[in-house]
Amino acid sequence: MKTIDEINDKIKNGDAVVVNAAEMVNIVAENGLKEAAEEVDVVTTGTFGAMCSSGAFLNFGHSDPPIKMNKTFLNNVEVYSGLAAVDAYLGATQPNENPEIGSSYGGAHVIEDLIRGKEVELKVEAYGTDCYPLKKLETNISLEKLNQASMVNPRNCYQNYAVAVNSTDETLYTYMGTLLPNFGNVTYSSAGALSPLINDPYFQTIGLGTRIFLCGAQGYIIGEGTQHATEADRVNGVPVTPSGTLMLKGDMKKMDPEFVRGAAMPKYGPTLYVGAGIPIPILNEDIASRTAISDQEITCRIIDYGVPRRSRPIIRETNYAELKTGKIEIDNMEIPTSPLSSIKKAEEVAELLKKWIQDGEFYLSSPIYKIPSKGCTVKPLEIKKPSLLVKNIESKPAIIVHPSDEVKNVASKLVENNINHLPVVDNKGKLKGIVTSWDVADAVAKGKTLLKDVMTKKVIIARENEPVDVIARRIDKYNISGLPIVDEEDNLKGMITAEDISRLIGENQNKKGGE
């Protein structure tokens, strides 16, 4: 057994043995666990990834005449001002007020600009009071001009995370990046063996007051993060699903812009890339064994993000060694993999933290209380009025055609039924495509006679168990008037149109008006 005080004495005297988590794997393999636990004093970890639940408390100081901030904007990004007169919280994912800029420059980018020393435009609106008479204010501010700028991140450093894939026929834009259709790519967001909470999966050394590396400065853990969970399936002690989280705090004025980045996930929104590292004191052999875990030993699950539900299907399990090869096999298909986090920057975080400790610039701190390691679950948000599913609405019966039909007969069906599209099915009723009046007109112009030569085989569909509001968004996204409804076996069940959804919304509004 060692103590943190004993390790700090070694750091003060320049005698501490400090290695990063990747090095610890090799040390234990070569020297054995007992010798490694005796020799190594600290193992450093690191991660550099998108952490949406991040932000900063800012104090602007009082103007003359004074103002009580009501609506506050930095570079046209709204800052929450429901605090004291000149305090505000800037959320990383807040988009820009300018619709032409939108999510391409948001709260995360403002945070990075401030840390880089740039000036940003401050605009304030207020309702005015006797003691705060000013109603409008415009000026420029910088990090140096702020009284305090404290990064306080409600949820960072997820302990393991999902691996994302998309089984649908459409490209999806998510917080896991752009997911290509039909299992076109796989994305993941963890540093694997370097990841902080994977190296102390039961939080034996981590808690309130633990000193850490945060964005190039010394920061602190101020408690478990939001959505902190402990009751998960584990392999080698590590949860295989997103579990533990941390709430972190640091002084932005001391941070290094090399370890913080504002980013935008295409068609999703802004996010903040945060560099975080935790030193793990090797107090005993058990802790040493946890820090010696390799990428091969860390299991994670590939989740289908093509299902827009809280509980998504598990495609298969994998590990970070396999993911880092750049390819993975799913259903006999070789699919490219790519990390959303930067492994290179994670290594830099772990190495810089290691150097700080070796140089006597960083001492370990004992937590006031440890992060809970059991009894924590995440409750879902229960909607009192559940979402209406596609299968629950009265949809139009499908008028169908077959791939072998002649184009002229298809044209007749379109005209007779006064419709613009027809689903194409095989003899067993399975959806094979769709044909529109434009497809028919194009076929006639080009002299094509069979439907199979002109139908669209890549169909945007609605599944029976999908919420109607999801389908409404899909119809709007692709600027189409209707979608074929299919069950889990791809059997055609009907059609849902924009007119059906509009009628449903109208009926619901009438019901509310009559209540």
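Two strands count as paired when DSSP finds at least two bridges between them. In this predicted model, 5 bridges join β27 to β28, and Leu422 stands opposite Val435 in β28.

**Hairpin β27–β28**
- Strand β27 spans residues 421–425 and runs antiparallel to β28.
- The two strands, β27 and β28, form a hairpin, with 5 residues between them.
- Gly429 sits in the turn and has a positive phi of about 85°.
- Strand β28 covers 431–436 and also supplies at least two residues to the lining of the second largest pocket.

**Four-stranded sheet**
- An open sheet of 4 strands runs in the order β6-β5-β8-β9. Its pairing is antiparallel.
- The edges belong to β6 (77–79) and β9 (136–141). Each has a single partner strand, so one side of each is left without a neighbour in the sheet.
- From one strand to the next, the twist averages 25°.
- Strand β5, residues 71–74, pairs with β6 in the antiparallel sense over 3 bridges.
- Within that pairing, Leu74 has Val77 of β6 as its bridge partner.

**Three-stranded sheet**
- An open sheet of 3 strands has the order β29-β30-β31. Here the pairing is mixed.
- Strands β29 and β31 (492–497) are at the edges, and each pairs on one side only.
- Strand β30 covers residues 482–486. It runs parallel to β29, and 2 bridges join the two strands.
- The bridge partner of Ala462 is Ile485 in β30.
- Strand β29 (462–463) also takes part in the second largest pocket, giving at least two residues to the lining.

**Second largest pocket**
- The volume of this pocket is about 650 Å³.
- The lining holds 27 residues. Closest to the centre are Ser167, Thr168, Ile461, Arg463 and Asp490.
- By class, the lining residues divide into 13 charged, 9 nonpolar and 5 polar.
- Which domains each give at least three residues to the lining of the second largest pocket? They are domain 1 (4–52 + 152–370) and domain 3 (390–514).
- Among the contributing strands are β28 and β29, each with at least two lining residues.

**Largest cavity**
- The structure holds 1 cavity of 30 Å³ or more.
- The largest cavity has a volume of about 40 Å³.
- Its lining consists of Ile4, Thr205, Thr210, Ile278, Pro279, Pro281, Leu364 and Ser365.
- How do these lining residues divide by class? The largest cavity has 5 nonpolar and 3 polar residues in its lining, and no charged ones.

**Salt bridges**
- The structure holds 25 salt bridges.
- Where do Lys34 and Glu38 lie? Both belong to helix α3, residues 33–39. They are 4 residues apart there, so about one helical turn separates them.

Terms used
Residues numbered from 1 in each chain as written. Predicted model: local features only at pLDDT ≥ 70, side-chain atom pairs only at ≥ 80, totals over all residues. Heavy atoms only, no water. Axes fitted to C-alpha atoms, helices over the stretch in contact; angles between N-to-C directions. 1 Å grid on protein atoms, 1.4 Å probe; cavity = no way out; pocket = protein on both sides within 12 Å on 5 of 7 lines; lining within 4 Å. Points joined across faces, edges and corners; volume = space filled by probe spheres on them. Nonpolar A, V, L, I, M, F, W, Y, C, P; charged D, E, K, R; others polar. Domains from an automatic or database assignment. Salt bridge = Lys/Arg side-chain N within 4 Å of Asp/Glu carboxyl O.
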